[in-house]
Amino acid sequence: MGNRLLFVAVKPVLVLDFGAQYAQLIARRVREANVYSEAVPSTITADELKAKDPAALVLSGGPSSVYEDGAPQLDPAIFDLGLPIFGICYGFQAMTRALGGTVEKTGAREYGRTQMLVDGGVLHAGLPETHPVWMSHGDSVTAAPEGFDVTASTPGAPVAAFEDASRRFAGVQYHPEVMHSPHGQQVLTRFLTEIAGLEQNWTASNIAEQLIEDVREQVGEGHAICGLSGGVDSAVAAALVQRAIGDRLTCVFVDHGLLRQGEREQVETDFVAATGAKLVTVDEREAFLSKLAGVTEPEAKRKAIGAEFIRSFERAVAGILAESGDAGQTVDFLVQGTLYPDVVESGGGTGTANIKSHHNVGGLPDDVEFKLVEPLRLLFKDEVRAVGRELGLPEVIVNRQPFPGPGLGIRIIGEVTEERLETLRAADAIAREELTRAGLDEQIWQCPVVLLADVRSVGVQGDGRTYGHPVVLRPVASEDAMTADWVRVPYEVLETISTRITNEVADVNRVVLDVTSKPPGTIEWE
């Protein structure tokens, strides 16, 4: 059913995931060094790796001890492929053990910020002799494998970094991918460029050019339809496909009734003005509300919305073909703005858990007849924005806060009804207006406003008792939606939002603030 576009001109740096929290973050940091990267399971064999033709390997951290029964191991033949290899934390220890070094439980565990002493080498050249790094380990490398130079140490890790220039191998015990290691990005970039000898050619212009070629190759002379939501992902995907196939693309905006205030009007003006693309708007509000009647479970909602999207597209295609007057024309391709975090959270990453089905990944029905075109499937959000700018999309589209495809349907905890949608739209509009007025739009990645429709709380309004619903504000900051933290919105702004919502929105008598990071919470509540 699905399709995975390949960047055929780019050899990837593959991150072997040993169950780390940060495997996807490592892949992202490699890309920040302008080198393309993907994460793969650590169970991959040497032959499978060879078939992927990687430029280099990074071995991620992980929660296990290399000596535990069942601890993840990598195929030792991988070290004979002649590839540059960089080990991080558990990957550093697995590399050590596989190549004949020593890993021991020294009893000197290190968690958090640790001072590291540098002693030569390429990775840390020119950095302060002593500087902080972020550690998270119980075992330690006590003897490097033969041929390696030890280049750093800490009180709990006598071998905190090593290098073997002849084989282009290196590794560190700490986590260079997290911001708590202030020189980590520089160290990772040095491995990629100075030890592995890779070109830094993963840039917005190269990405856009390659993606356009990929789409041309996939679609050929066919026709495509794009589900345009108005968000940056679908807008950039549509702009890419339009560059590739021109007027053989028709964009369809489905008004599913789950939109925020003014959403439909904004899409119909901003996107068309920016791209000149053909846009058809279809009103499917009744169909979606009918499918969601009585549905309260989040996964069931997502799947119902995903399935109805496809049915909506099928009806739209039938209408487009009927109007074309060409009896032989078909539309075989469906363009979607699926991103890498969507794929990972839907269980399509490196063997990670299925956290939740995204309507355009795990939420699609099994009987989809379209061939999917997903040009952004391997990109993070910041890369999508960069590609959008490269394509000439205006900032009003490129910088738009993310909004989920299922819309307000997954911001209502409980059954979705027209009355509840109107309540949430009004509260959401107030929150967005006040955050913009306070100049916080660039600080906030997105601010879901959630209606706890199945919860009621007692309040006092107009000297009388009320029994209304709470609304949750969830302002978060993130770079790519893989991790996020809540934004410390000034109290006076929160006060204004709360006062306006409780005064102006019927049936809401309480406003609360969600101060949970991701992990453990996801950005959306459902």
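A pocket is an open set of grid points with protein on both sides within 12 Å along at least five of seven lines, and its lining residues have an atom within 4 Å of a point. In this predicted model, the second largest pocket has a volume of about 640 Å³. Its lining consists of 23 residues, and Asn399, Arg400, Gln401, Asp441 and Ile444 lie nearest the centre. By class, nine of the lining residues are charged, eight are polar and six are nonpolar. Helices α7 (263-275), α11 (381-390), α12 (395-398) and α13 (418-437) each supply at least two residues of the lining, and α13 gives the largest share, with four residues. The second largest pocket lies between domain 2 (204-399) and domain 3 (411-513), because both give residues to its lining.

Aromatic rings were examined next. The count comes to eight aromatic pairs. Phe18 and Tyr90 form a tilted pair, with 5.2 Å centre to centre and 50 degrees between the planes. Phe18 lies in the loop between β1 (13-17) and α1 (23-32) and Tyr90 in helix α3 (90-98), so this pair ties together parts that are 72 residues apart in sequence. Phe18 is buried, at 4% relative accessible area, and Tyr90 is buried at 1%.

Phe86 and Phe191 form a stacked pair, at 4.9 Å centre to centre and 25 degrees between the planes. Because Phe86 belongs to strand β4 (85-88) and Phe191 to helix α4 (184-195), the pair ties together parts that are 105 residues apart in sequence. Phe86 is buried, with a relative accessible area of 0%, and Phe191 is buried at 0%. Ring pairs also link Phe79, Phe92, Phe148, Phe162 and Phe169 into a cluster.

Terms used:
Residues numbered from 1 in each chain as written. Predicted model: local features only at pLDDT ≥ 70, side-chain atom pairs only at ≥ 80, totals over all residues. Heavy atoms only, no water. 1 Å grid on protein atoms, 1.4 Å probe; cavity = no way out; pocket = protein on both sides within 12 Å on 5 of 7 lines; lining within 4 Å. Points joined across faces, edges and corners; volume = space filled by probe spheres on them. Nonpolar A, V, L, I, M, F, W, Y, C, P; charged D, E, K, R; others polar. Domains from an automatic or database assignment. Phe/Tyr/Trp six-rings, centres within 6.5 Å; stacked < 30°, edge-to-face > 60°. Buried < 20%, exposed > 50% of the residue type's maximum accessible area, 1.4 Å probe, protein only.
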